[in-house]
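I opened this model to look up a few helices, strands, cores and charged pairs. My entries follow the structure.

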Amino acid sequence: MKLLKPSWVSHNGKPIFSVDIHPDGTKFATGGQGEDSGKVMIWNMAPVLREEDEKNENIPKMLCQMDNHLACVNCVRWSNNGLYLASGGDDKLVMVWKRAALIGPSTVFGSSSKLANVEQWRCVTILRNHTGDVMDVAWSPHDVWLASCSVDNTIVIWNARKFPEMVTCLRGHTGLVKGLTWDPVGKYIASQADDHSLKVWRTVDWQMEANITKPFNECGGTTHVLRLSWSPDGQYLVSAHAMNNSGPTAQIVERDGWKTNMDFVGHRKAVTVVKFNPKIFKKKQKNGSSPKPSCPYCCCAVGSKDRSLSVWLTSLKRPLVVIHDLFDKSIMDISWTLTGLGMLVCSMDGTVAYLDFSLDELGDPLSEEEKNTIHQNIYGKSLAITSTEVQLSTTVIENPEMLKYQQERQNSAQNNAGAAAAGPEAAAPKVNSMMNGESLEDIRKNLLKKQVETRTADGRRRITPLCIAQLDTGDFSPALFNSAPILPSGSSLSNQIAPQLNSDSSPGQPSSLGARPNQDGLLTSPPAAGVAKALEDDKDGLKSGLLLTSASKIEPMKALDSRFTERSKATPGIPSAISSTAGLAPLERPKDAVSALKDAKAKEETSSDSEDKMAAINKNLSFAKRKPELLLDGGEVVEKRKKGRPRKDKMAASIPQPFTQITPLPLEREPSRAAAPPPAAAVLRLPTPSLQKAFSLQVSMDPSVFLEVENDVSVVAGSKLSQLRCSRDGRDWNTLLPSSVLAAAGSSDVLAVACDDRMLSVFSCSGRRLLPAIQLATPVSALHCSAHFVMVLTAGATLSVWDVQRQKALVKNESLQTIFSGAETTVSLSLLTQQGVPIIGLSNGKSFCFSVSLETWTLIADKGDSLVQCADFRSCLPSQDGAASSGPLAVVQGRNLNAGRLASRLSSTPHHLQQSMTLAFLENQLASALTLQSAQEYRYWLLIYARFLVNEGSEYRLRELCKELLGPVHKSAASSWQPATLGLHKRELLREVLPVIGENLRFQRLFTEYQDQLELLRTK
């Protein structure tokens, strides 16, 4: 290491508060006190580096002197591209300087001709907003923003691409803010102030991410500056002026969880400045030795009020070098050269020192590529890629189509920025949209449209807060939850609500609210227009606005939750929530029903966690803790019951849910007789509907089809007859069955009824019998019809699906034992999609569908799946989000889906892990949509997946995806490629994916290649 103090660098003996080396290493700037003003000076670096240049009179030492600041200059900083120099001073101004064309050597005003300015630097913009001295300025990576902090306790963020536009002002410090540092990719900015705190702010929404006070609590006295620094790998943030055991330290804050377990100890007085070397190093290889894999490390210089300087490597426990009494007064600023081997230090005593290190001392610097890889591991590609944006901006666009998409992307970014700039503090500039995909801008844009602005008496702007929950939930009909807040599942708020719910169930009844949240609710579905019909007999008049919302507008909600179902499913004694696509099933006692619905509504105000707390239990539904155990004893069903209070019939509010029909499980009123005893061998796993005298249901909305069942109409020759009546668009028909009907279901094409003699009959909509009566092995548990498919779930836990049109079985007595994970597992939801795919939801939170083509059970949703919680694909969502909120996949996964949209980019999972999780999650979604044969959802997830691959830069997967969609260009017998999937043409899908690829310049070759092939195929 060499040390040099160039005496010619001085402000005529006045203090120098700041020093910064130009990115190209040819010059450096100093800032400090002038004679009667602030002074910024630019010096030549050559005389510092080489002795012969110092002695050569023809090589100028000072390049330029600027006296524009009215008071002392506290900080000078070059922009990362080296075009601008920013300076901040006691005159409350930030000045931005740019080099001008040299007209001729001009002399410094009032000095002898020897001090001529060799370069001309002029002030191009003055940034005025601070009301106190500006202490520090900092350029963000890629010069997107310029930040300045001041003794007025604020930090102002300026738009560095549109001076003097102000992006936002960060308030929160209660003391003079004396230092700023950006993290290496511009995701955070950190500030340190005299209020004994260090605050980290997110650049996504300019909110505070962390507030660190513990290491600074003991700090007494102040320092002139608190220059903190972020390590080039993004892992550590090192602060000035911390205390540990009453000794001054430089505190190390880890980015992972903002932990403060380490510090640099040894200085005798407060640390004023910390500066990381811009390079990341790895151990130097000895000549001839095989390279050992070694951990990369960073290098950091620390300066203190005790006039000494220490240099540390994060791989060593002790400092690499300590230089005592380098100056006569406190050290004020440190700047490294971009090569990482030279360092300038300045002091209050008005002198500077230059330290020169060798590679042997520090190690081998990593290349830009290696550094980028480290950033990608910590922050993910979408943020780290920005460094290649600079190179990409100079890339020649080879394809006119590509140019079109690039321009569209820029236009949309500008539009976003235009909308965002509507209020200066309302939103960040357009660069945001480039750094985090488009989503944030869209969100902000939409919010701005809805912003309601008021002015307070003193003239300040106030913006009425908006509930953003709706932003992520597709079309939500507010009619359903007038005042209940809608929370994302798993949000911390919902966890706080649960305990309060427990406390308000009255002490007299067992608290049924502490349900295990992983169980799903019973089968419900929307009371749409049909509710009115079903409630005709209710003359008290149900509050019509209560639950009448259009079925299509409501996002799938998971049905009634477990507090309610686990018992009611197994106990034939409690009428369960019965409904189907069309409306509420039998209302035995309309008055009770109304009060129950009202109660449920009132309760809903308090219990609004969307996932599990939706179904409110009315206070008057007191459930005794009872669970019958069914014992098979010589073929008879014996029910053991524990004692329980007799209950009245009550009706629970059913929660609307679009799309597929889910059957009623009608339960008998008196727990009198069990169904016809099944063969002794069968083990009954699932509850069966109990017998009712009569019930009715609406099975189809359009056309509207109603079904009424009346059991025991008449007795003929000792056997009881049941009547089935159906009205379709006003036309009625009826038929008789020789046995009591337990369950019925229907669609616009077929109707199915299951009787208690285990016979299943299927009719057309005009009453023709379509299939001979089918004998089931065990009693029916659930029955569904959808389009021309009929599905039966039996009590013996087997599943069958028939295609009535083609008169064949799709699924044949398939056992559910394979998907039951334990003795407690029961079915909490069963449905049949329009394509005839059966879906079974279990009480353990998993949902399966039986794939006919694969002849196996496939998992399509899992409540406990951590992938869903951590996946983050917000930036990849399309602008209009219609299709996915109503398909079968959405119904099964319910609100869980939104976790991904709400998953914070800023969650503590390391990014590369989060990236892999998101990828895995999106691929799961694609596969599930394929198994469920849901074409719309498949297309929706495919586009999100493609956009995610483009954003993250995963070329191999993207190429494979394109290849699969394009298929072979020339037909051959060997090829097994199918041109369509779920009725969607693959090449049409590729046409939709290409514009997404066109948004990223890195993939222009890929884009051109596939676009050409598509053109070729079109003309063939």
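**Helix 17 and what follows**

I take helices (H or I, at least four residues) and strands (E, at least two) as DSSP runs, numbered from the N terminus. The model is predicted, so local features need pLDDT of at least 70, side-chain atom pairs count only at pLDDT 80 or more, and totals for chains, interfaces and linings use all residues. Residues are numbered from 1 along each chain as its sequence is written, and side-chain values use heavy atoms, with hydrogens and water left out.

I then checked the length of helix 17, residues 911-931. The expected span is 1.5 Å times one less than the number of residues. For its 21 residues that gives 30 Å, and the end C-alpha atoms are 30 Å apart, so the two agree.

**Cores**

Which residues touch the most other members of the largest nonpolar core? I found Phe921, Leu922, Trp941, Leu990 and Ile997, in a core of 56 residues. Helix 18 (residues 935-952) gives the most to this core, with eleven residues. I noted a second, separate core of 36 residues; Phe28, Trp43, Ala147 and Cys346 are among them. A nonpolar core here is a set of buried Ala, Val, Leu, Ile, Met, Phe, Trp, Tyr and Cys residues joined through side-chain atoms within 4.5 Å. Buried means under 20% relative accessible area, exposed over 50%, and partly exposed in between (1.4 Å probe, protein chains only).

I traced an open sheet of four strands, in the order 6-7-8-11, with antiparallel pairing. Strands count as paired if DSSP finds at least two bridges between them. The edges are strand 6 (73-78) and strand 11 (120-128), each pairing on one side only. Strand 8 (residues 93-100) and strand 11 run antiparallel and are joined by eight bridges. Leu93 has Arg128 in strand 11 as its bridge partner.

Next I looked at strand 54 (residues 846-851), which runs antiparallel to strand 55 and is joined to it by six bridges. Phe850 is bridged to Trp857 in strand 55. The hairpin of these strands has four residues between them, and Glu855 takes a positive phi near 50 degrees. Is strand 55 (residues 856-862) mostly covered or mostly open? It is mostly covered, with five of its seven residues buried.

**Salt bridges**

I counted 28 salt bridges. The rule asks for a side-chain nitrogen of Lys or Arg within 4 Å of a carboxyl oxygen of Asp or Glu.

Lys259 pairs with Asp256, the closest N and O atoms being 3.9 Å apart. Lys259 is partly exposed at 33%, and Asp256 is partly exposed at 45%.

Glu999 pairs with Arg947, again with closest N and O atoms 3.9 Å apart. This pair links distant parts of the chain, 52 residues apart: Glu999 is in the loop between helix 20 (986-998) and helix 21 (1004-1019), and Arg947 is in helix 18. Glu999 is partly exposed at 22%, whereas Arg947 is buried at 15%.

Arg959 pairs with Glu1009, the closest N and O atoms being 3.0 Å apart. Arg959 lies in helix 19 (residues 955-966) and Glu1009 in helix 21, so the pair ties together parts 50 residues apart in sequence. Arg959 is partly exposed at 29%, as is Glu1009 at 31%. Last, I noted one network, in which salt bridges that share partners join Arg77, Asp136, Arg227 and Asp333.
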